[in-house]
Amino acid sequence: MVTVMEPPQTVRPQTPPEPLEPAANQTEKLEVMIDVREVDFTYGDNKVLHNISVQMPARAVTAFIGPSGCGKTTLLRCINRMNDLVDGSGISKGAIHIDGVDINSPGLDVVDLRRRVGMVFQKSNPFPKSIYENIAYGLRVAGIKKRSRIDEAVEKSLRSAALWDEVKDRLDSNAYGLSGGQQQRLCIARALAVEPEVVLMDEPCSALDPIATRRIEELMVQLKANYTIAIVTHNMQQAQRVADITAFFSVDISKGSRTGYLVESGPTKQIFENPQAQLTKEYVSGQFS
């Protein structure tokens, strides 16, 4: 199924999106892990997201693509409520559900939400600690004190991030001594250590060379067997290589401010080879960026 949205100035009332249709070789509908329904998001009086509805299937990669300033990262940060840290910001309409639970419902434990929904940022941000302590820190914060359990989790996380064989003999070394690509995989391992259900990645390869980028992309494909992944990327070839679902966003500037909206979403192959919206066709063919 492809979902096509109108731009903000012509938006009409919409029904919630249909459950995701399976690929040709599947017999059942895809399980939806993240369900964004008719979301508006504002910073103060400035609406930066308008009427966003998109579904992200479990154990799959969903890519957000679109020009700069269209709200891709803002939406990503809504999924684990990182935007709560910005005064005066919030969802003004609509809801986001993860595994059927409204993440903005009163009384929801935001700390637990951020454990369940890990985040990997655009620029690798290892702690100024050893490789081992970068992984162990979050486990200790979560209340795990037993050294054997921490040792086991450190190894498991580094193996999951395809980094164990490269660092197993220098776990006590400072993480700043790793290459850029290794540091980003360490940050992925750190996110995986607390056993999240969802991993969000905000342009995780933008500062990496092609070889390191390839390693991260291969890792994403491997990780989706166990995790739901949402990624923001400006690299359309990357979206084609790793994403199962692609959502294309654009931006409306007709009222003097920038308001992001979803143009269409659907299976990646269909978005790139047979998009339903003219604006999508122009974007994926490189007519604007």
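**Figure 1. Polar contact between the side chains of Y132 and D151.** In this predicted model, the side chain of Y132 makes a polar contact with the side chain of D151 at 2.4 Å; a polar contact is a pair of N or O atoms within 3.5 Å, of which, within protein, one must be able to donate a hydrogen and the other to accept it, residues adjacent in sequence counting only if both atoms are side-chain atoms. Local features need pLDDT of at least 70 and side-chain atom pairs count only at pLDDT 80 or more, whereas totals for chains, interfaces and linings use all residues. Side-chain values use heavy atoms, with hydrogens and water left out, and residues are numbered from 1 along each chain as its sequence is written.

Figure 2. Y132 belongs to helix α3, which spans residues 131-141; helices (H or I, at least four residues) and strands (E, at least two) are DSSP runs, numbered from the N terminus. With a relative accessible area of 6%, Y132 is buried, a term that means under 20% relative accessible area, as against over 50% for exposed and in between for partly exposed (1.4 Å probe, protein chains only). Leaving aside residues up to four places away in sequence, Y132 touches R140, R147, I150, D151, V154 and L171, where contact means heavy atoms within 4.5 Å. For one of these, V154, the C-alpha atom lies 6.8 Å from that of Y132, although 22 residues separate the two along the chain.

**Figure 3. T213 in helix α7.** Helix α7 covers residues 210-223 and includes T213, which counts as buried at 11% relative accessibility. Residues up to four places away in sequence being set aside, T213 is in contact with C205, L208 and Q238.

**Figure 4. Two cysteines, C70 and C187.** C70 counts as buried at 0% relative accessibility, and C187 is likewise buried, at 5%. The structure holds 0 disulfides, a disulfide being a pair of cysteine sulfur atoms within 2.5 Å.

**Figure 5. Residues around the largest pocket.** The largest pocket holds about 700 Å³ of space. Among the 22 residues that line this pocket, R114, R115, G138, R190 and V194 are the closest to its centre. The elements that give two or more residues to its lining are α2 (110-116), β7 (117-120), α3 and α6 (180-193). A pocket is an open set of points on a 1 Å grid over the protein atoms alone, where a 1.4 Å probe fits, with protein on both sides within 12 Å along at least five of seven lines, and lining residues have an atom within 4 Å of a point; points are joined across faces, edges and corners, and the volume is the space filled by probe spheres set on them.
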